[in-house]
Amino acid sequence: MAATGIMSTFHPRIHHARLLHERYTHPRAWCLIFWFKRTRSKTFDAVGTMDFKSRSDSPTAVEKPFPLDDHCKDHQTSRSFREKIFQKHRIDLDSVATQPSVFDDPVTLEVYRPPPEYENTHRFDPDARWTWREEKKLVRKIDFRIMIWAGVMFFALDLDRTNISQANTDNFLQDLHLTTNDFNLGNTLYRLSFLIAELPSQLISKRVGPDVWVPTQITLWSIVALSQYWLSDRRSFLATRFLIGFLEGGFIPDVVLYLSYYYTKTELPIRLAWFWVSNYITVMVSAFLATGILSLRSGDRAGWRYLFLIEGLVTLAVGMTSYFLMPPGPTQTKAWFRPKGWFTEREEIIMVNRILRDDPTKSDMHNREGLTIGMIWNAICDWRMWPIYVLGITHMIPVGPPQTYLTLSLRNLGFTTTQSNLLTLPSTTCGLITLLLTSYLSEFVHSRVGACLVLQIWALPLLVALRSFGHSTNQWDYFAVVTLITGFPYVHPIQVAWASRNSGSVRTRTISASIYNMFVQAGAIIFANIYRADDAPLYKRGNLILILICSANIVIYILTYFFYRSINHHREQQWNKMSVKEQETYLETTEDLGNERLEFRFAY
């Protein structure tokens, strides 16, 4: 895009305002440029301090255009690689951390002012200012109070949904007279019920609040999970898998929405990465737990029965405790058992205003406001989100079956129950490291597609190697390749944040998170049935299917990149054809919502 049309009429300092606004605030706040026109001599602190008066006359300020899209924004600066890495260490902690936003302009302040029914309206103050020292201290406090417990709850979810793998190493299938296909059916029913429950769970959560519904979910599924101690046959196995999936459905989007009450759009993806770290911690901890618990086998009581019972009781304890450790929102932490709350009035003001400055749409809905069928239908019909939904189905399929069958494959190779459980640790450690690396890579290069492609590029050559193995392959060679496949870079947190970012508002974000996760579960149903009994133990046919899907995924990611890039380019052209007055009028009068808005730019 050349610096022509309306952009050519802007003063250089308006270009600087636009660049900083793109970097540090919500993309729909284009109208901030008008505020800077009125305050040309003021200083705004972005990372330390920056004096526009001294910088605005630089001829280089308008030499290059500054695209609005999230993908390109970091490429428009002259900072070196070293400066990007160590930038945070140069921040003056006592300088103003308040970011510019639509609330700084008298006109757009009224357009985006939080409504009275918004639960945090009483702490909203467009004139509030705070320092980086205050903000960083507050974010650490939120991490400790909110984020850590979110990880504990996710630990509980994974403990109950993955311990079936450890049970498999203790003759679980043989004790219940089940076949591989029965096991696949159980996993399919689990995924199907998980998928079915997504939207109903979101409807309940938005009505009663995630602080009530999430602990209820954990408590209910833990009761079913511990009841697996009394499993007797195929029917009871299938019934419990269905019930656990149904009660767990919606948990993840509920918690993601809950975390968005506390974190900005740049903080959330990294927090989600750490949120999913608890998934890997669960695998490692449960491997050690299983090693001890499975040894309790005595008489006609198998060790896997004690595994379900004990881990179900642990989850029940987490569920009951969650009622006391999940406040409804940033300004609602006081309760009869917590009379002083977690945050001071000053901290609540900072929390509310920094979140709304980052994304003004977060005041669109009360945290007890329910969703309607019309809202759900509109979200489903949002064709701009369809590429992410498609990727939700396909992105995990290439690595799903090897991961599901890891412990069973290790037993088939001749490893003992204890060895099979402990040999899952290297892949778990590898997966944890690659998860964090790809999540930070996504934020560093500002490319969701680039970071998510890493998974497919990682898996493709390993799947080719896996398919080439035969009956004479050394068991340790097989173990090495399967370990690398199952230690894949887990990009699901990036895609969850990507879907949230491209939704554009709380109203659509709530639903799109569920829809995206439904597609992920649909993908899990597909990969749960790729490895079949008549293809065991090498699964040659199944691995060929995985190779073909992995290759197709690479093409889909590339098409998604150009899809969002073309939309952003088209909107950029439309916006630049409008006069300043037309832009102001559009922002004040448009009925477009979320990502439909002309000034919204998609991340890719």
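**Figure 1. Cysteines C550 and C381 in the predicted model.** C550 is buried, at a relative accessible area of 0%, whereas C381, at 34% relative accessibility, is partly exposed; buried stands for under 20% relative accessible area, exposed for over 50% and partly exposed for values in between, with a 1.4 Å probe and protein chains only. A disulfide is taken as a pair of cysteine sulfur atoms within 2.5 Å, and by this rule the count comes to zero disulfides. This is a predicted model, in which local features need pLDDT of at least 70 and side-chain atom pairs count only at pLDDT 80 or more, while totals for chains, interfaces and linings use all residues. Residues are numbered from 1 along each chain as its sequence is written, and side-chain values use heavy atoms, with hydrogens and water left out.

**Figure 2. The protein chain as a whole.** The secondary structure of the protein chain comes to 26 helices and two strands, where helices (H or I, at least four residues) and strands (E, at least two) are DSSP runs numbered from the N terminus. Of the 604 residues in the protein chain, 60% are buried. Among contacts with a separation of 6 or more, 82% are between residues 24 or more positions apart, a contact being defined by heavy atoms within 4.5 Å.

**Figure 3. The largest cavity and its lining.** The structure holds 13 cavities of 30 Å³ or more, and the largest cavity has a volume of about 850 Å³. Of the 39 residues that line the largest cavity, T162, R191, N279, Q403 and T404 are the closest to its centre. On a 1 Å grid over the protein atoms alone, a cavity is a set of points where a 1.4 Å probe fits but cannot get out, and lining residues have an atom within 4 Å of a point; grid points are joined across faces, edges and corners, and a volume is the space filled by probe spheres set on the points. At least two lining residues of the largest cavity come from each of several helices, among them helix 6 (132-168), helix 8 (180-208), helix 12 (268-293) and helix 24 (506-527). The lining of the largest cavity divides into 16 nonpolar, 19 polar and four charged residues, with Ala, Val, Leu, Ile, Met, Phe, Trp, Tyr, Cys and Pro counted as nonpolar, Asp, Glu, Lys and Arg as charged, and the others, Gly among them, as polar.

**Figure 4. Y564 and its surroundings.** Y564 is found in helix 25 (residues 540-577) and is buried, with a relative accessible area of 0%. Not counting residues up to four places away in sequence, Y564 touches R384, M385, P387, I388, W498, N502, F602, A603 and Y604. The C-alpha atoms of Y564 and R601, which are 37 residues apart along the chain, are separated by 8.6 Å.

**Figure 5. The two sides of helix 26.** In helix 26 (residues 580-589), the buried residues are Q583, E584, Y586 and L587. These residues lie on the same side of helix 26 because they cover an arc of only 160° around the axis, the arc being that of the directions from the helix axis to the C-beta atoms. K581 and T589 are exposed on the other side of helix 26.

**Figure 6. L410 in helix 18.** L410 lies in helix 18 and counts as buried, at 2% relative accessibility. With its neighbours within four places in sequence left aside, L410 is in contact with F415, S420, L423, T424 and F479. For L410 and S420, 10 residues apart along the chain, the C-alpha atoms are separated by 5.6 Å.

**Figure 7. Backbone features in loops.** Most residues other than glycine have a negative phi, and most peptide bonds are trans. N171, in the loop between helix 6 and helix 7 (172-175), has a positive phi near 60° and is partly exposed, with a relative accessible area of 33%. H177, in the loop between helix 7 and helix 8, also has a positive phi near 60°, and H177 is exposed at a relative accessible area of 70%. A cis peptide bond, with omega of about 0°, joins A536 and P537, and P537 is found in the loop between helix 24 and helix 25.

Methods. On a 1 Å grid over the protein atoms alone, a cavity is a set of points where a 1.4 Å probe fits but cannot get out, and a pocket is an open set with protein on both sides within 12 Å along at least five of seven lines; lining residues have an atom within 4 Å of a point.
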